[in-house]
Amino acid sequence: MNEKSQPMDLILLPTWLVPVEPAGVVLHDHGVAVRGGRIARIAPRQELLALQAKEVRLLPGMLLAPGLINCHGHAAMSLFRGLADDLPLMNWLEDHIWPAERKWVDRTFVRDGTALAIAEQIQGGITCFSDMYFYPDVVTDVVEATGVRAQITIPVLDFSIPGAVDVEESLRHGVPLIERLEGHARIRAAFGPHAPYTVGDKSLLQVAELAARHNACVQMHVHETAHEVESAVSVTGERPLARLGRLGVLGPHFQLVHMTQTDASDIALLEATGSHVVHCPESNLKLASGFCPVERLWQAGVNVAIGTDGAASNNDLDLLGETRTAALLAKAVAGSATALDAHRALRMATLNGARALGMGELTGSLEEGKAADMIAVDLTGLAQQPMYDPVSQLIYATGRDRVRHLWVAGEQLLENGRLLRQDEKMLVANARSWQERIGR
């Protein structure tokens, strides 16, 4: 039996199908056929029903879309959710979060916190996430066990961190992980230098050399606050992004998180180097860090993706809600109601994210040949009526609780809101156990 005559593994028949690519398209009475973890066919319902398939799923009243991609977070910090709220960034970090990390973060903490974060993300429609935290080998094990897709970064800071006394030890542990994950179907490793103010030129150049050698991405917090930029200019006479440009570390592999302080020279540099921006609006709002000029970046041709940041500063991992906030904030910052419309907002949370993570050929849109990373969202609720534009209703009127089903590489991880690979009750009990210890 040749491949074309083999039956499909799964056919999904929703009311609406939003492929994201091509842009702005909503397909009615169409569906997706999956075989071998890939999208084998997108076609009208009647054409798909004529195919042989092991399973056919009717999804009435549901919108089928690419899985959401959370381009930045610190998964294990879910166990610090609500620990130190309503504080400025540096006070929050230096007086509360860093001391808590020194006391509590170990391999068990990272394992338990990452598992909690992955479960929350899956329930909210996230099929792929990027993690920047400690013990990346532990994160890798949890990701492998849960079936989700991820970018896992190797932490790089110019001082001791959990799991490494210095940059050399962190890289000594991290490079073998990068090599181990080369060719992995769902997981890619990257480098995660923390920020310009915690990583010096020597370390950055070392990271850049290793990233080039291993064809790996780099993710870094950059221009998160006005204080960060002002301090750098005061001491060195140079903006942090300009410093990264001078060092030659920017490029299509580089993901800059936050970028709330962005002037014309920054935008020109981002455009010239093909670097990506990861927008984290709710964390930036909560920490009063500033506003990323999403519309200006978009119009300049800069790829802008979206992330939740960690649950310790957000306080949830709700990318659908994050995308709504991003769309609304973009309009206020640009002074234009047409800025970041619903379709572009969804693209930012899917295909733009995949491209930022170097996975644009694999995921982020529903296209034949791509991985079957998909979500089905129920739009039959009162809050979604009447239905004029399903994408507008998804972005502006729908919560993550309406996500019913989720697949990664064709494997279902969420069925009617129920986790299929993780025990929700056990995760809650484990989180409460950590709460009792940390909150004493």
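Predicted model: local features only at pLDDT ≥ 70, side-chain atom pairs only at ≥ 80, totals over all residues.
**Aromatic pairs**

Two aromatic rings are described as a pair by the distance of their centres and the angle of their planes. A search of the whole structure finds 4 aromatic pairs.

| Pair | Centre to centre | Angle between planes | Type |
|---|---|---|---|
| Phe-80 and Phe-109 | 4.9 Å | 40 degrees | tilted |
| Phe-109 and Trp-434 | 5.2 Å | 85 degrees | edge-to-face |

Why is the pair of Phe-109 and Trp-434 called edge-to-face? Its planes are 85 degrees apart, and planes over 60 degrees apart count as edge-to-face. The 40 degrees between Phe-80 and Phe-109 make a tilted pair.

**Where the rings come from**

Both pairs link distant parts of the chain. Phe-80 lies in the loop between strand 6 (68-70) and helix 2 (89-104). Phe-109 belongs to helix 3, residues 107-123. Trp-434 is in helix 16, residues 424-438. It is 325 residues away from Phe-109.

Phe-109 takes part in the tilted pair and in the edge-to-face pair. Phe-80, Phe-109 and Trp-434 form one aromatic cluster. Are these residues buried or exposed? Phe-80 and Phe-109 are buried, and Trp-434 is buried too.

**Charges over rings**

Trp-434 also has a charged neighbour. Arg-437 lies over the face of Trp-434, 3.9 Å from the ring centre. Another arginine is placed over a tryptophan. The charged end of Arg-344 sits over the ring of Trp-298, at 5.0 Å from its centre.

Conventions: Residues numbered from 1 in each chain as written. Heavy atoms only, no water. Phe/Tyr/Trp six-rings, centres within 6.5 Å; stacked < 30°, edge-to-face > 60°. Helix = DSSP H or I, 4+ residues; strand = E, 2+ residues; numbered from the N terminus. Buried < 20%, exposed > 50% of the residue type's maximum accessible area, 1.4 Å probe, protein only. Lys NZ or Arg CZ within 6 Å of the ring centre and 35° of its normal.
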